[in-house]
Amino acid sequence: AVGGGDYTGIGPVQFLNAEFNVIYAQVGDGEWTAVGDEVLRVPAGAEVKVRASVGNTGDAEWPAASPRGGQVILVAETPVGERQAAIRDDCPRYGDVSTGELVLPALAQGTHTVMLHLAIEGRLKSFGERVGITLKQD
């Protein structure tokens, strides 16, 4: 943790940070497009996939997979639960990496915000930048 002590789940971690370079979404069979502040329109019954390019802005390297667990994952928080996708490759400090694709759960008609962030599977629920994307479900 910041200050040199053990991380207890309270406060920021030391040497671990992230930012989103680009977030991509695919609605149904459409093209993958970069998502910004606009509202993403989702026709009834269409599947939405999300992936991202993320930057490691901290000193710690990120493993894509480890026999001990602890891989870095993209997390999407939706009104009906979370979805996760691991990063595709190991990421050095100050490097960039792509995440795998995750499929968002079907949402009720209306406008919804899906929050995206990174986590360390089984160890840390969230770190770095948190970004919201807005979906308008028809």
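## Reading rings, charges and a hairpin

The charged end of Arg 51 sits over the ring of Trp 32, 4.3 Å from its centre.

User: What counts as a charge over a ring?

Analyst: NZ of Lys or CZ of Arg must be within 6 Å of the ring centre and within 35 degrees of the ring normal. Arg 51 also lies over the face of Tyr 24, 4.7 Å from that ring centre. This is a predicted model, where local features need pLDDT of at least 70 and side-chain atom pairs count only at pLDDT 80 or more, while totals for chains, interfaces and linings use all residues. Residues are numbered from 1 along each chain as its sequence is written, and side-chain values use heavy atoms, leaving out hydrogens and water.

User: How is a pair of aromatic rings described?

Analyst: By the distance of the centres and the angle of the planes. Rings of Phe, Tyr and Trp (its six-membered ring) pair if their centres lie within 6.5 Å; planes under 30 degrees apart are stacked, over 60 edge-to-face, and the rest tilted. The count here is 1 aromatic pair. Trp 62 and Phe 127 have ring centres 5.7 Å apart and planes at 75 degrees, so the pair is edge-to-face. They are 65 residues apart, with Trp 62 in the loop between β4 and β5 and Phe 127 in strand β10.

User: Is Trp 62 buried or exposed?

Analyst: Buried means under 20% relative accessible area, exposed over 50%, and partly exposed in between (1.4 Å probe, protein chains only). Trp 62 is buried at 1%, and Phe 127 is buried at 4%.

User: Which way do β5 and β6 run?

Analyst: Strands are DSSP runs of E, at least two residues, numbered from the N terminus, and two of them pair if DSSP finds at least two bridges between them. β5 (residues 72-78) and β6 (residues 81-86) run antiparallel, joined by 6 bridges. A hairpin through 2 residues connects β5 to β6, and Ala 76 stands opposite Arg 83 in β6.

Technical notes: Helices (H or I, at least four residues) and strands (E, at least two) are DSSP runs, numbered from the N terminus.
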